[in-house]
Amino acid sequence: MKAITYQEIVEKVAQMCQEANFELGGDVMSAFRSALKTETSETGKDILGQLIENAEIAAAEQVPMCQDTGVSVFIAELGNNCIIEGGSLQDAINEGVRKGYDEGFLRHSIVDHPLTREKSKGYNTPSVIHIEVVPGENLVLHMSAKGGGSENMSALQMLKPADGVEGVKTFILDTVSKAGPNACPPLVVGVGIGGNFERCAYLAKKSLFRPIGVRSERPEIASLEAELMDHINELGIGPQGMGGNTTALDVKIEIEPCHIAALPVAVNLNCHASRHKEIRL
């Protein structure tokens, strides 16, 4: 049995929150540079160049790459032979987020009451935390700083089984098309198919933690990801909605079994600042 202390988690989470907002991952930067080589629009090329420069300045000066420093979303893979000493995992994550966002001068974007809009009493908390119990003795934390603009343009649809794969593709393309410039393209498009109403939304979110360029292990899903990527980039929305053939940097799909009467599909859009970090304790 492996023991991990509450305070160790707090410190690591605080570090993750700042690094996620200051340093865009190598997978995203590589995708920017690849898109710059294939983008047909001069305006699109100029915007991609600015996105690269913005990310480089943020990393060099350790400042946020975007004013919207997001909701902190965590997927915690907790080994069944791992225990947390000194407090709960959820409390440790939230304390780490408060510490990281406060000390990093990151924006406090959480309201406690969605209707009255009363500000949260804990700095940018509570986080959104999903815990998956897995074999082993390690704790792996996956963190995303998820911006509000792209999240607002996400969607879920309970399709009929008869709609089939063509219905799924139509819904995904319609969602991206309706989002247009509002989700700050070029996008990373996360898709969840199957499960039920709430599970397909989680699958869509989870897919966004996969690095850009890493395809599904299921051949038919990997093929669908590539096909949708082509169709989305044919929409002409382009970087920041100014036209071009780089509307998406990647499409990621996660699937699960579902009821015979259902075909749930969720699309979770991520803006060009696909901020995700991972630590293993």
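Me: What ground rules apply to the model and its numbering?

Reply: The model is predicted: local features need pLDDT of at least 70, side-chain atom pairs count only at pLDDT 80 or more, and totals for chains, interfaces and linings use all residues. Residues are numbered from 1 along each chain as its sequence is written, and side-chain values use heavy atoms, with hydrogens and water left out.

Me: How do H2 and H3 cross?

Reply: Helices (H or I, at least four residues) and strands (E, at least two) are DSSP runs, numbered from the N terminus. Axes are lines fitted to C-alpha atoms, for helices over the stretch in contact; angles run from 0 to 180 degrees between N-to-C directions. Here, the axes of H2 (residues 26-38) and H3 (residues 42-61) come within 9 Å and cross at roughly 155 degrees.

Me: Why are H2 and H3 roughly antiparallel?

Reply: Angles over 145 degrees count as roughly antiparallel. H2 and H3 are therefore roughly antiparallel to each other.

Me: Which residues meet between H2 and H3?

Reply: Contact means heavy atoms within 4.5 Å. From H2 come Met 29, Phe 32, Arg 33, Ala 35 and Leu 36. In H3 they meet Lys 45, Leu 48, Gly 49, Leu 51, Ile 52, Ala 55 and Glu 56. The contact divides into eight nonpolar, one polar and three charged residues. Ala, Val, Leu, Ile, Met, Phe, Trp, Tyr, Cys and Pro count as nonpolar, Asp, Glu, Lys and Arg as charged, and the others, Gly among them, as polar.

Me: What lines the largest pocket?

Reply: On a 1 Å grid over the protein atoms alone, a cavity is a set of points where a 1.4 Å probe fits but cannot get out; a pocket is an open set with protein on both sides within 12 Å along at least five of seven lines; lining residues have an atom within 4 Å of a point. Volume is the space filled by probe spheres set on the points. The largest pocket has about 310 Å³. Of its 16 lining residues, the closest to the centre are Val 71, Ser 109, Ile 110, Lys 146 and Gly 148. H5 gives the largest share, three residues. By class, the lining has five nonpolar, five polar and six charged residues.

Key:
Angles under 35 degrees count as roughly parallel, over 145 as roughly antiparallel, 65 to 115 as roughly perpendicular and the rest as oblique.
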